[in-house]
Amino acid sequence: MELLNIIKSRRSVRRFKDEKIPKERLMKILEAGIWAPSGSNIQPWEFILVTGNDTIEKIKLISPGLFGIPSALIVLCINKKRAEKGGRAGESTALMDVSMAAQNMMLMAYSLGIGSCPIVSFNKTALKELLDVPEYVEPVLIISLGYPEFWPKPPKRRSLKEVVHVEKFG
Amino acid sequence: MKSSDDILSDDHFKLLAFLITSARGCVDEPPLYGPLRLADAAARLIEIMGKEGKVVPEILELQKLIEDKKDLVMYDEEGFIEFLDELSRKLAEIIKKS
């Protein structure tokens, strides 16, 4: 599949089939994540893969933005000790790094026929408690994964003309 | 008293967890996510009422409307607000004829 088609066709999926994702596919998705760009190559990320139904159910309880019953979750976290190496910009750079890793993962998932949805509406305090996440690690995003019941229609995008400024703003 | 294992599958507890975590989430989230969480909670409450035999078809229609249209919040703000108006109107119809 052409890369632009993959990028344009990926959707946020919130309804999943009751079908497990093979472990090797999940590892491929995670591998795509670690090859994201990273400011100063700090790689401030930590990824927690969750596939157990009981744990997914518990995470759903504390995540108002998690819809459907996904087969797996990836919790993307910032390792604050590593992020500090980036100086005053370390925190915001770490967020960008993790975001780029997330996009890599979601595109990889889509190329494998797996739906995904990025979720920020979850309770960080409760999630850290549930998953024994240490104090210096901050969960910032959950990606839900599963085979989609259907691929949603694309939402409207602001046009290139509206958002692209050539040579100068405006 | 229920055991802690039982409580995780208890529908009322699930709603309780949703309400508490939504309350915290709404502090930081976009303003329209407050109405979204309330509408979502309403749908979850109807689900519980259904299991307890407390719903009429008109109430199930409210639930379907919420499930069908709650995602509007992400791409059509005006449409989402119109959906909340529609939901309110349908609720009033149920109240009026009861």
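Two strands are taken to pair if DSSP finds at least two bridges between them; helices (H or I, at least four residues) and strands (E, at least two) are DSSP runs, numbered from the N terminus. The structure described here is a predicted model, in which local features need pLDDT of at least 70, side-chain atom pairs count only at pLDDT 80 or more, and totals for chains, interfaces and linings use all residues. Residues are numbered from 1 along each chain as its sequence is written, while chains are lettered from A and ligands numbered from 1 in the order in which they are written.

Four strands form an open sheet in the order 1-2-4-3, with antiparallel pairing. Strand 1 and strand 3 of chain A stand at the edges with a single partner strand each, so one side of each is left without a neighbour in the sheet. On average, neighbouring strands of this sheet are turned by 25° against each other, direction ignored; here axes are lines fitted to C-alpha atoms, for helices over the stretch in contact, and angles run from 0 to 180 degrees between N-to-C directions.

Going across the sheet, strand 1 and strand 2 of chain A pair over six bridges, and A:Phe47 stands opposite A:Leu76 in strand 2. Eight bridges join strand 2 to strand 4 of chain A, where A:Leu76 stands opposite A:Leu141 in strand 4. Strand 3 and strand 4 of chain A pair over five bridges, with A:Gly115 opposite A:Gly146 in strand 4. Strand 4 of chain A is mostly covered, as seven of its ten residues are buried (20 or more other C-beta atoms within 10 Å of a residue's own, with C-beta atoms placed from the backbone).

A nonpolar core is a set of buried Ala, Val, Leu, Ile, Met, Phe, Trp, Tyr and Cys residues joined through C-beta atoms within 7 Å. The largest such core has 39 residues, and those touching the most other members include A:Leu73, A:Leu76 and A:Met105. Helix 2 (11-28) of chain B is among the elements that each supply at least two residues of this core, whereas its largest share, nine residues, comes from helix 5 of chain A. Leaving aside neighbours within four places in sequence, A:Leu73 is in contact with residues including A:Val50, A:Ile56 and A:Leu145 (contact means C-beta atoms, placed from the backbone, within 7 Å). A second, separate core of six residues includes B:Leu36, B:Ile66, B:Phe80 and B:Phe83.

Between the chains, eleven residues of chain A are in contact with eleven residues of chain B. Helix 3 (residues 53-61) of chain A gives the most to the chain A side, with three residues.

Chain B itself has five helices and zero strands. Its C-alpha trace spans about 45 × 40 × 20 Å along the principal axes, and buried residues make up 15% of its 98 residues. The axes of helix 4 (residues 57-69) and helix 5 (residues 77-97) of chain B come within 10 Å and cross at roughly 175°. That makes helix 4 of chain B roughly antiparallel to helix 5 of chain B (an angle over 145 degrees). Among the residues that meet there are B:Leu62 and B:Ile66 in helix 4, and B:Phe83 and B:Leu87 in helix 5.

Methods
Parallel < 35°, antiparallel > 145°, perpendicular 65-115°, else oblique. Contact = placed C-beta atoms within 7 Å. Buried ≥ 20, exposed ≤ 12 C-beta atoms within 10 Å, placed from the backbone.
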